[in-house]
Every structure is written in structure tokens, then in C-alpha cells.
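This briefing is meant for a reader who is meeting the structure for the first time. Please keep the sequence and the model in view while going through the points below.

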Amino acid sequence: MANSLRVRLLWWLLVPLALYVFVTGKTEYDNARSTANLVQDNQLVASARMIAGEVEWMDGFLRVDVPPAALEIFASPYRDQVFYSVRVDDGRLLAGTPDFPARPAQAPDVPDSYYTELHGEQVRAVDIVRLMYDNGVTRRVRVTVGKTVRSRDAMTRQLWRPQLVRQLEMIALAVALVCIGLTFELRPLMKVKDEVEDRDPMQLEPIRVERLHSELRPIVDAINQCITRLGVQVAAQRRFIADAAHQLRTPLTLLGTQLQFARQQEGLNPALDEALAAMHRSNRSMVGLTNKLLLLAQAEAADSAAAAMESVDLVPLAMEVVEDLALLAQAREIDLGAELHGTAFVHGHRGLLQALIANLAENAIRYTGSGGHVTVAVTADARTVTVSVIDNGPGIPAESRSRVFEPFFRASTDTEGTGLGLAIVREIADAHHGEIALKTGEGGKGVDIGVTFPRAVPK
Ligand SMILES: Nc1ncnc2c1ncn2[C@@H]1O[C@H](COP(=O)(O)OP(=O)(O)O)[C@@H](O)[C@H]1O
Ligand SMILES: [Mg+2]
């Protein structure tokens with residue numbers, strides 16, 4: 001989660017924004033507070049001036065009549081308490097509360113505002129001094145008006161809150177937009193992921209994604225370059241196997257001829273004869289193995305040689321295979337039958353398709369004991385063509401079925417073989433978009449193996 005792009009981007013956005021809101025929020029709070037103070041101070045000054053205006057000399061004494069209007073201006077729904085006092089410099093209290101603390105002397109007529117505490121509550125207070133003359137006597141009269149700060153606080157809140165709320169809404173909007181925007185903008189990346197995820201291991205085409213961001217292009221390009229290099233490497237390896245098998249064929253053929261020549265001298269030494277016969281068998285199986293290796297390499301390279309594909313009718317092709325294997329079947333006393341009617345065209349390589357049918361039929365003949373039946377059939381429907389080989393031999397044990405298509409896997413080791421036959425069948429089927437179905441044969445005995453190809457139009 002900590003490494004999610006979404007979370008990281010949110011951090012990049014949220015931390016500076018929160019800091020910004022904090023700093024501006026603080027400034028705005030200070031501004032709102034000083035505005036509220038100014039408004040309240042003006043009321044206090046107005047009230048103090050009104051009271052000061054009412055101070056007068058009467059019979060040589062100072063006296064004051066505090067007009068109700070001077071206190072009514074403070075009426076507010078916040079139930080602020082209002083205090084006032086009128087004091088002469090000789091210490092006499094003309095009106096109001098005696099509780100205001102003493103203040104340093106100040107110039108006349110210049111209001112002085114300050115905070116103080118009265119009856120346990122914070123109070124904002126204003127002093128104003130008026131000079132009173134009479135018969136050569138000058139008296140300083142100090143009028144103080146104070147008021148608790150509830151309405152001032154309320155005013156500050158009213159000025160400040162909406163701005164804070166707007167800024168918090170802005171942050172919430174930014175967060176939502178980042179989340180939504182990223183979800184949309186990450187879609188091409190998810191497409192790349194799907195493209196790579198859905199591939200089978202040997203699919204080596206470049207990744208193609210439309211409408212890719214310029215920032216993502218280099219990544220996809222790099223992956224594609226990697227795929228290309230991998231493709232070159234895989235092709236080189238296949239070529240190497242094909243070349244090696246090809247190179248092996250010449251000396252093996254030569255060896256076969258030499259062995260045949262040596263065996264013409266048979267009868268001189270029985271031990272030598274036996275050794276020669278064994279060498280001849282080894283030579284035959286090595287020729288078989290190299291041929292199969294070559295075929296496997298060709299089958300693996302088949303999908304990249306799509307240009308060499310043509311429309312091939314599997315009916316005569318299967319017939320050729322049956323004819324080729326008739327002798328082998330006869331030698332093993334197997335009844336080799338064919339169900340081949342009409343036409344069944346597929347798009348592919350003639351030689352490889354023939355090898356596929358041959359490998360299946362050969363397996364059936366070789367693994368079914370004498371007296372068995374093997375049937376090669378080709379059927380076609382509107383969209384598909386299926387070639388199947390059915391026998392009534394020992395069958396393939398269920399636990400081996402998933403592995404018989406692996407190269408060099410052999411379920412029965414008492415017969416000669418390479419373990420490459422079904423691997424070749426699978427490669428050829430894949431190259432032709434064929435599906436292999438391996439089932440138990442008729443009557444729960446033997447093997448029924450079929451390969452279904454897409455049907456092609458004859459050309
Ligand atoms: N028709 C069949 N009946 C019984 N077993 C079979 C049949 N076809 C294939 N198998 C089993 O599958 C294994 C793999 O077959 P394959 O790849 O052709 O190799 P190979 O024939 O060289 O052993 C064989 O060793 C055999 O055990
Ligand atoms: Mg085989």
C-alpha cells in the first residue's frame with residue numbers, strides 16, 4: 001500500500017496542501033480576529049465617548065448621568081456582560097463598577113484599548129480621558145467601558161469558518177480527482193499487464209497497446225526489445241538443435257552402411273556377430289532419434305514459417321500414412337483400418353501434418369499387442385476437421401496422461417522409442433491452432449486420441 005502510486009501521489013498532494021491550509025488558515029484567523037476586534041473596539045469607544053460627554057460640573061462637583069443608549073449599543077444574542085466606570089483623578093468613583101484595575105496615565109481624548117479580567121472573565125476594555133475645567137480647577141475624568149469577548153469570538157468564527165470550510169472542500173476535491181484521474185489514466189498500464197499476463201510462454205510478438213501515454217512508451221518499448229532479443233535467442237537455439245540433428249545424420253548413415261558391410265562377413269565369430277547386430281540396432285535407434293529431433297525442431301519453427309502454409313486435404317494424407325504403415329501393422333498382426341471419406345481441408349504444412357498422423361498411428365500400432373485393432377479416421381463438420389487414431393491396446397494410465405506430451409517422457413520403457421513422438425504431435429497441433437483430445441478408446445480399452453483443426457477452404 002505504501003508503494004501504491006495513488007497513495008504516493010496523495011502524499012505529494014496532501015502534505016503541501018495541508019501545510020498551505022494551515023498557514024493561510026492561521027493568517028485568516030488572525031485577520032478575522034483583528035477585524036472583529038476593530039468593530040468591537042469602535043463600539044466600546046463610541047460608548048465611552050457618549051458617557052464621557054455626560055460628565056458635567058454641578059455646584060463645584062463633578063457628576064455624570066449615564067444614558068441608557070450608551071450601553072444599549074452592546075445588545076447582542078451572545079449575552080456579553082458590559083461593565084463601565086467613571087473615575088476622577090482624585091480617586092472618586094462617579095459611576096459604575098469599582099473593579100476595573102488602575103491603568104497608567106494617558107493623553108486626553110485618545111482611546112486606549114486593552115484586555116483585562118473582571119469577575120473571572122476575559123474583558124476587552126477601552127479607556128478615554130476627559131479634562132474638565134471649572135474656576136481654574138482641572139480634573140481628569142477617566143471613563144472605562146469593558147465587555148466580555150463572546151460576541152467578538154462569534155464574529156471571528158463567522159468571518160473565518162467559511163474560508164476554512166472552502167479550503168477543506170478544495171482538498172477533498174483534489175483527493176477525489178487524483179483518485180479518479182489515476183484510475184482512468186492507469187487503464188493503459190493495466191492493458192499492458194493483461195497483454196503480458198495472457199500470453200503463453202512461447203508467444204514472442206511485441207506488446208501492442210493503443211493510446212499509450214508518452215511516459216509509458218519507453219517501458220513498453222524496452223519490454224518489446226527484450227522480447228525481440230528473446231525471440232532471436234530462441235530461434236538460434238532451435239536452429240542449433242535442427243543443425244545438430246542434421247549434422248548427425250550423415251555420420252550415422254555412414255555408420256549404418258559400414259555396419260551392414262561388416263555383417264556381410266557374419267558366421268566367422270558368433271560373439272562378433274552378436275556385437276554387430278547390437279550395434280546395428282543402436283544405430284537404427286540413433287537415426288530414429290535424430291530424425292525425431294529434426295522433426296521437433298521443424299515443428300517448433302512452424303508457426304514462424306506461416307508463409308509456407310497451404311490448403312491440405314487430410315483424407316488422402318491419412319491414406320498415405322495408412323499405406324506406409326500397412327507393413328508394420330501386418331508384421332505385428334494388427335488390423336489397421338481407415339475411415340476416410342470426402343474431403344477435409346486444413347490450412348498448414350503438408351509434411352508436418354503427415355508427421356502428426358504418422359506419429360499417432362505409429363504409437364497405436366506399436367503399443368497395441370498383436371491381434372489388436374487400430375483405426376485412423378478423419379471427420380469434418382462445418383467449422384472443424386478432426387483426425388483421430390483409435391486403438392484397443394493397453395491405453396495410457398491416467399496419471400501419465402498429462403505428461404506424455406512432454407519431450408522424452410515415456411510411459412512404457414519395454415518398447416523402443418524416443419519419447420518425442422507426442423511432443424512433436426503437440427508442437428504441430430499448436431502451430432496449426434489444433435486442439436488435442438486424449439480419451440480412452442472404445443469399450444474402455446486403449447487410446448482414442450484426436451486433433452481438431454479449424455476447417456479451411458480448398459484452394
Ligand atoms: N496408443 C498408445 N497406447 C499406449 N500408450 C501410448 C500410446 N501412445 C503413446 N503412448 C505412451 O506415451 C508415451 C509417449 O509417446 P511418444 O511421445 O510417442 O514417445 P515414444 O513412442 O517414443 O515412447 C509412450 O512411451 C507410451 O507409453
Ligand atoms: Mg511414439
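At 30% relative accessibility, Glu 406 counts as partly exposed, and the side chain of Glu 406 meets that of Arg 403 in a salt bridge with an N to O distance of 3.2 Å. This is a predicted model, and the points that follow take up its charged pairs, its aromatic side chains, a nonpolar patch, its cysteines and some backbone features.

**Salt bridges**

- Arg 403, the partner of Glu 406, is likewise described as partly exposed, in this case because its relative accessibility is 39%, which lies between the limits of 20% and 50%.
- Elsewhere, salt bridges that share partners bring Lys 193, Asp 194 and Glu 197 together, so that these residues belong to one network.
- How many salt bridges does the count reach for this model? The total comes to 17 salt bridges, and the pairs described in this group are among them.
- Glu 310 and Arg 350 form another salt bridge, in which the closest N and O atoms are 3.9 Å apart; this pair links distant parts of the chain, with Glu 310 in strand 8 (residues 310-313) and Arg 350 in helix 8 (residues 350-367), 40 residues apart.
- Glu 310 is partly exposed at a relative accessible area of 36%, and Arg 350 is also classed as partly exposed, at 38%.
- A salt bridge with an N to O distance of 3.9 Å joins the side chains of Arg 92 and Asp 90; Arg 92 is partly exposed with a relative accessible area of 36%, while Asp 90 counts as partly exposed at 43%.

**Aromatic rings and charges over them**

- A pair of aromatic rings is described by the distance of the centres and the angle of the planes.
- When the whole structure is searched for such pairs, one aromatic pair is found.
- Why is the pair of Tyr 29 and Trp 160 called edge-to-face? The ring centres are 5.1 Å apart and the planes stand at 80 degrees, which is over the 60 degrees required, so the pair of Tyr 29 and Trp 160 is edge-to-face.
- Because Tyr 29 lies in helix 1 (residues 5-53) and Trp 160 lies in helix 3 (residues 150-185), the pair ties together parts that are 131 residues apart in sequence.
- Tyr 29 itself is partly exposed, its relative accessible area being 30%.
- Two tyrosine rings have an arginine charge over them: the charged end of Arg 103 sits over the ring of Tyr 114 at 3.5 Å from its centre, and the charged end of Arg 124 sits over the ring of Tyr 115 at 4.6 Å from its centre.

**A nonpolar surface patch**

- Which residues make the nonpolar surface patch of about 360 Å²? The patch is made by Leu 5, Leu 9 and Trp 12.
- Trp 12 is located in helix 1, and Trp 12 counts as exposed because its relative accessibility of 66% is over the limit of 50%.

**Cysteines**

- A disulfide is a covalent bond between the sulfur atoms of two cysteines.
- In this model the count of disulfides comes to zero.
- Cys 179 counts as partly exposed with 26% relative accessibility, and Cys 226 also counts as partly exposed, with 40%.

**Backbone features**

- Most residues other than glycine have a negative phi, and most peptide bonds are trans.
- Asp 59, although it is not a glycine, has a positive phi of about 55 degrees; Asp 59 lies in the loop between strand 1 (56-58) and strand 2 (61-63), where it is exposed with a relative accessible area of 70%.
- His 433, a residue other than glycine, has a positive phi near 55 degrees; His 433 is found in the loop between helix 9 (421-431) and strand 13 (435-440), and it counts as exposed at 66% relative accessibility.
- From C-alpha to C-alpha, Pro 316 and Ala 244 are 33 Å apart in space, and in sequence they are 72 residues apart.

Conventions
Residues are numbered from 1 along each chain as its sequence is written. Chains are lettered from A and ligands numbered from 1 in the order in which they are written. Side-chain values use heavy atoms; hydrogens and water are left out. Rings of Phe, Tyr and Trp (its six-membered ring) pair if their centres lie within 6.5 Å; planes under 30 degrees apart count as stacked, over 60 as edge-to-face and the rest as tilted. Helices (H or I, at least four residues) and strands (E, at least two) are DSSP runs, numbered from the N terminus. Buried means under 20% relative accessible area, exposed over 50%, partly exposed in between (1.4 Å probe, protein chains only). A charge sits over a ring if NZ of Lys or CZ of Arg is within 6 Å of the ring centre and within 35 degrees of the ring normal. Patches are made of residues with over 30% relative accessible area and no salt bridge: like charges are joined within 9 Å, nonpolar side chains (Val, Leu, Ile, Met, Phe, Trp, Tyr) within 5 Å. Accessible areas come from the Shrake-Rupley method with a 1.4 Å probe; for residues, only the protein chains shown count as cover. A salt bridge is a side-chain nitrogen of Lys or Arg within 4 Å of a carboxyl oxygen of Asp or Glu. A disulfide is a pair of cysteine sulfur atoms within 2.5 Å.
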